[in-house]
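I want to look up ring pairs, a few charges and some strands, one entry at a time.

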Amino acid sequence: MAFTEHSNFGHADKGAQAENAEVLKARAENPRMLVFQGLEWYLPAAEHGTVLVAPGANNVALLQQFEREYDGKLTNRSADTPENEQHAVKALSWLAEQKRTRFVDDVLVFANHPMRLGIDSPHELRAWRDSGVCIGMEGAPGSQGDADPAWCAFRGTTTNQRGEYTNNPGAGSWAGYPVDAYRTYGGFDWATATVGGLWDSLLAEGRLFSITSNSDNHRTIWDTWKDGEFPPGQNFDSLGWKPSPTDAGTPQAGSDFWPGQFSRTHVGVTRYGYLDVMAGLRAGRVWVDHGQLVDDIDVRVAPAGSKQRGVTLGGRLKVRRTERLELRVTVTSATRPNFHGVLPRLAHLDVIRGIVTGAAKDRDSWKAPDTRVVEQLDVQRKTGTYTLRIPLGRADRSHYLRLRGSDGKRNGAGYLGRQIDPAGPIQHPPADGDPWLDTWLYTNPVFVDVVR
């Protein structure tokens with residue numbers, strides 16, 4: 001679990017240190033849980049980002065200095081200007097230096113809800129990636145309960161969208177994004193959900209860029225607790241934290257589920273520890289799901305018929321040209337009801353392949369025209385743990401493979417057309433986005449490097 005308070009003057013001055021005391025206490029009381037302390041950063045000229053810091057003697061000092069010098073809100077650098085964009089890159093370089101000099105053991109950054117306001121342009125994402133510190137983005141935003149029909153009816157709202165993606169192009173939005181990009185698709189950000197879209201345009205450069213699925217929990221739907229009231233003359237800036245909440249007895253405004261209750265990010269590690277999880281994230285050994293769709297998925301790419309174990313998520317397989325390959329996928333079906341009381345059932349798995357074309361000539365490109373769904377596997381009759389072996393043919397060009405799965409309850413032609421994605425995630429009508437009836441999983445890619 002990662003606590004990532006929004007950056008704020010009060011947090012930089014007092015809150016980060018006070019929060020750290022609570023985090024240390026939580027770690028002592030919950031030795032089987034990894035409890036990170038980080039920050040939700042206001043990127044200069046852009047959206048939010050998660051800053052995740054390894055525990056240590058200097059993690060609080062790093063967060064406080066970082067907020068004061070590099071936060072877009074605290075330094076008045078929110079406007080969309082080239083100077084402010086460069087300040088974000090400078091901030092990431094500063095974080096990289098803190099790791100290089102061992103001031104902290106590790107630090108990672110993820111871009112959050114990149115398409116919510118449309119202010120994270122493709123060239124900004126590429127510049128952040130090039131820093132080596134920003135290793136990915138939020139594939140699916142938090143606030144997944146915002147468009148639950150029962151919740152919307154209770155609150156009398158009619159425009160809600162999963163992820164609170166209710167915006168339209170505005171000041172600072174990048175003009176190259178279509179209006180549809182400001183909505184989620186199957187609960188996932190358009191940048192991730194569009195086969196051949198923005199995420200694929202980054203991967204087509206042959207470089208890893210990971211995704212996560214975050215809770216981003218501010219308030220939980222149907223929860224009756226409300227924010228505590230500040231003492232007279234006090235606010236967040238002066239106090240550094242919010243007073244303890246109190247039970248109002250009636251459901252309060254909210255849009256999310258409790259952390260891990262609906263959105264999950266799975267990280268492959270060989271040992272259980274903070275640095276191990278951060279290393280797994282950096283290596284791209286990551287898959288995400290909603291609604292506890294499956295218990296596990298293991299993905300390997302290997303020469304066809306070989307006894308090699310194969311290369312897994314985030315990895316690279318080097319093969320000779322014309323060598324035959326196969327994809328090996330082991331799925332463990334859900335074995336218990338999810339938090340909605342339903343036993344999830346995976347209906348299909350989609351194999352997505354994209355050609356690696358090298359560094360983008362246009363840093364604002366958001367399309368990968370050589371990426372498409374190459375096979376859809378019907379698995380709705382399969383249960384337990386089962387393995388699929390999918391022939392990939394002969395390798396002729398360097399490429400990558402990623403998987404997507406669904407409960408099959410809501411899908412349609414992908415955003416870039418049925419010939420690219422015949423049954424992908426789609427938008428839901430306003431206030432009609434029951435998240436439990438539209439669940440998906442996504443894996444990070446495996447790269448195949450073809451040599452002559």
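Predicted model: local features only at pLDDT ≥ 70, side-chain atom pairs only at ≥ 80, totals over all residues.

**Entry 1: charges over rings.** I began with K382: its charged end sits over the ring of Y386, 5.8 Å from the ring centre. To count, NZ of Lys or CZ of Arg has to be within 6 Å of the ring centre and within 35 degrees of the ring normal. I also looked up R316, which lies over the face of F447 at 4.6 Å from the ring centre.

Residues are numbered from 1 along each chain as its sequence is written, and side-chain values use heavy atoms, with hydrogens and water left out.

**Entry 2: aromatic pairs.** How many aromatic pairs does the structure hold? I got 18. Rings of Phe, Tyr and Trp (its six-membered ring) pair if their centres lie within 6.5 Å; planes under 30 degrees apart are stacked, over 60 edge-to-face, and the rest tilted.

I picked Y70 and W94: the ring centres are 5.6 Å apart and the planes stand at 40°, so this pair is tilted. Y70 lies in helix α2 (residues 59–70) and W94 in helix α3 (residues 82–100), so the pair ties together parts 24 residues apart in sequence. Helices (H or I, at least four residues) and strands (E, at least two) are DSSP runs, numbered from the N terminus. Buried or exposed? Y70 and W94 are both buried, where buried means under 20% relative accessible area, exposed over 50% and partly exposed in between (1.4 Å probe, protein chains only).

Next I took F188 and Y442, another tilted pair, with 4.3 Å from centre to centre and 35° between the planes. F188 is in strand β7 (residues 188–189) and Y442 in strand β20 (residues 440–443), so this pair ties together parts 254 residues apart in sequence. I found F188 buried, and Y442 too. I also noted one aromatic cluster, formed by W174, Y177, Y185, W190, W366 and Y415.

**Entry 3: R328 and its sheet.** I found R328 in strand β15 (residues 324–333). Why does R328 count as buried? Because its relative accessibility is 9%. The R328 side chain makes a polar contact with the side chain of E326, at 2.7 Å. A polar contact is a pair of N or O atoms within 3.5 Å; within protein, one must be able to donate a hydrogen and the other to accept it, and residues adjacent in sequence count only if both atoms are side-chain atoms.

Then I looked at the sheet: three strands form an open one in the order β13-β15-β18, with antiparallel pairing. Two strands pair if DSSP finds at least two bridges between them. β13 (294–303) and β18 (385–394) stand at the edges with a single partner strand each, so one side of each has no neighbour in the sheet. I counted nine bridges between β15 and β18, and R324 stands opposite R394 in β18.

**Entry 4: strand β21.** I looked up β21 (residues 446–451) last, and five of its six residues are buried. It pairs with strand β14 (residues 316–320) in the parallel sense over five bridges, and there K318 has D449 as its bridge partner. With strand β19 (residues 399–406), β21 pairs in the antiparallel sense over three bridges; here L401 has V446 as its bridge partner.
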